[in-house]
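Trainee: I have just opened this entry and would like to be walked through it. Could we begin once it is on the screen?

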Amino acid sequence: MSCGELREHYELYALGLAEEPEHSEINAHLERRCEACAEGIRQALALVAAVGASAPSAAPPARLRRRLLASAGVPERHYGWPLAWAAAALLCLSAAVYFSGRERQYAEESQHLRRQLGDQTTELRRLQEAFAILNAPGTTEVVFGKGQPAPPNGRVFVNPTRGVMMIASHLPPAPAGRIYEMWIIPKGGSPRPAGLFQSRGDNTAMHIEPGPVDVAATAAVAVTLENEAGAPQPTSQPLIVAALPPPAR
Amino acid sequence: MERRDSRALAQLYDRYGRIVYALILRIVRNQAAAEDLVQETFLRVWNRAQSFDAQKGAVGPWLMTVARNRAIDYLRSQEGRDRKLAVFEENEDPRLYSGMESDIVLADEARRVKAAMAKLPDNQRQVIELAYFDGLSQTEMAARLGQPLGTVKTWVRSALAGLRKTMEAGVAE
């Protein structure tokens, strides 16, 4: 058969699908070094080989390379991978310990900062309330303890809509299990509880009882030392008494 | 390659190991068998390297041909079919690969072929895959697909023509 007749069988030959007599004819042409057929088969083989490259990609296991090289008598250093794995494992372990420590540290720092922020927010709110009482119209200011031989002393500010604020100095922190309690004492009737507070380490204190106050009906603001749960009525002699002046006529 | 040194084998495997493994695994669908056949393929090529002029010949397509032949032979023996290895091995002659582009089986070329295969009608792509990856003859394909032999032959010829045309046009780029 001529090369022209065989041309359309080159790819079938490359795929292993060529039938007789074309299969034997192509072999005969290749045997006698037929350049036309050799070139045609070459192109067909390239096309068919490229079809093989369309197989879904898959990665061979690493051991296959070692096995192949070993089977060809290629010497290989065997300590490389175990050593590398050991180093990698050690690195991972160190990283785990390090990051676990860091994570704990960050968590503690974060908690501390959150606490600090909470404290500052509370303090800011207290200061805003204090300024509101100080600046609001109709606030009555009362000085207490002035000229007395025993501490404490300070001032009380009473505003009919904003509430009562007391600032004291020379007021040592209440002993363990005890707390200071403020009272609004009406001109008639029982003292009304006005909140619990503790003084600071520098013996100063600022306490605010927000809310409306009937200033005209209030005789005084007082502070007693009570059990830490507080008390519905005073159980001890007052440490501070700030008597409100009679309303202006 | 000609010097048949250990570095050449390592380089050959590093360059083509992945694609050869993927091809063989696609054919035999068995990892352990695929590893054995990859080893056999590379050793066969490496042992015959003296008859192959790497400067003039394309190692990649040659490797793929040897790999496919080994895998199809394994598959046919597993399925109790006539092995026909001698027929397949005819296209392993290194001289047939001289002057061929070696990287035709790598990267861009592989993508181009995948695209070309994807463009084929389903029946045409199926017969090419059955021939290439399952090593079926046209008669065996006709029996498996329940189609007349003439129809299968037409599909094969049309598929090859379409593949060639798409490849030449480089449409995948």
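**A walk through the two chains**

Mentor: Let us begin with E19(A), which is partly exposed, because its relative accessible area is 32%. Please keep in mind that this is a predicted model.

Trainee: What do the side chains of E19(A) and K153(B) meet in?

Mentor: They meet in a salt bridge, with N and O 2.8 Å apart. K153(B) belongs to helix α8 of chain B, while E19(A) sits in the loop between α2 (10–15) and α3 of chain A, so this pair joins two chains.

Trainee: And K153(B), is that buried or partly exposed?

Mentor: K153(B) counts as partly exposed, because its relative accessibility is 25%.

Trainee: How many salt bridges are there between chain B and chain A?

Mentor: There are seven salt bridges between chain B and chain A. Over all chains, a search of the whole structure finds 13.

Trainee: Which residues are linked in a network of salt bridges?

Mentor: The network links R63(A), R67(A), E35(B) and D36(B). Within it, E35(B) forms a salt bridge with R63(A), where the closest N and O atoms are 2.7 Å apart. This pair crosses between chains, from helix α2 of chain B to helix α5 (residues 62–71) of chain A. E35(B) also forms a salt bridge with R67(A), and there the closest N and O atoms are 3.6 Å apart.

Trainee: Why does E35(B) count as buried?

Mentor: E35(B) counts as buried because its relative accessibility is 4%, and buried means under 20%. R63(A), with a relative accessible area of 43%, is partly exposed.

Trainee: Which three residues supply more than any other three of the area that chain B buries?

Mentor: Those are Y13(B), E35(B) and L96(B), which supply 13% of the area that chain B buries against chain A.

Trainee: How many residue pairs are in polar contact between the chains?

Mentor: Nine residue pairs are in polar contact between chain B and chain A.

Trainee: Let us look at helix α2 of chain B. Why does its length agree with what it should span?

Mentor: Helix α2 covers residues 31–47 of chain B, which is 17 residues, so at 1.5 Å a residue it should span 24 Å; its end C-alpha atoms are 24 Å apart, which agrees.

Trainee: What caps the N-terminal end of α2(B)?

Mentor: N30(B) caps that end, with a side-chain oxygen 3.0 Å from the backbone nitrogen of A32(B). Further along, the buried residues of α2(B) include A34(B), L37(B), V38(B), T41(B), F42(B) and W46(B).

Trainee: In the largest nonpolar core, which residues touch the most other members?

Mentor: They are V20(B), I24(B), F42(B) and M141(B), in a core of 83 residues. Helix α1 (residues 6–28) of chain B gives the most to this core, with 13 residues. Apart from it lies another core, of 22 residues, including M166(A) and Y180(A).

Trainee: What does I24(B) touch?

Mentor: Not counting residues up to four places away in sequence, I24(B) touches R29(B), A34(B), L37(B), V38(B), T41(B), A67(B) and A71(B). Among these, A34(B), L37(B), V38(B) and T41(B) are buried residues of α2(B).

Trainee: One more in chain A: where does H29(A) lie?

Mentor: H29(A) lies in helix α3 (residues 22–31) of chain A. H29(A) counts as buried, because its relative accessibility is 4%. The side chain of H29(A) makes a polar contact of 3.1 Å with the side chain of R32(A). Leaving aside neighbours within four places in sequence, H29(A) is in contact with M1(A), S2(A), C3(A), L6(A), C34(A) and C37(A).

Trainee: And within chain B, what do the side chains of R144(B) and D134(B) meet in?

Mentor: They meet in a salt bridge of 3.9 Å, N to O. R144(B) is in helix α7 and D134(B) in helix α6 of chain B, so the pair ties together parts that are ten residues apart in sequence. D134(B) is buried, with a relative accessible area of 15%, whereas R144(B) is partly exposed, at 47%.

How values were computed:
Residues numbered from 1 in each chain as written. Chains lettered and ligands numbered in written order. Predicted model: local features only at pLDDT ≥ 70, side-chain atom pairs only at ≥ 80, totals over all residues. Heavy atoms only, no water. Core = buried A, V, L, I, M, F, W, Y, C linked by side-chain atoms within 4.5 Å. Buried < 20%, exposed > 50% of the residue type's maximum accessible area, 1.4 Å probe, protein only. Helix = DSSP H or I, 4+ residues; strand = E, 2+ residues; numbered from the N terminus. Contact = heavy atoms within 4.5 Å. Expected span 1.5 Å × (residues − 1). Polar contact = N/O pair within 3.5 Å; in protein donor to acceptor, adjacent residues only side chain to side chain. Buried area = accessible area lost by both parts, 1.4 Å probe. Salt bridge = Lys/Arg side-chain N within 4 Å of Asp/Glu carboxyl O.
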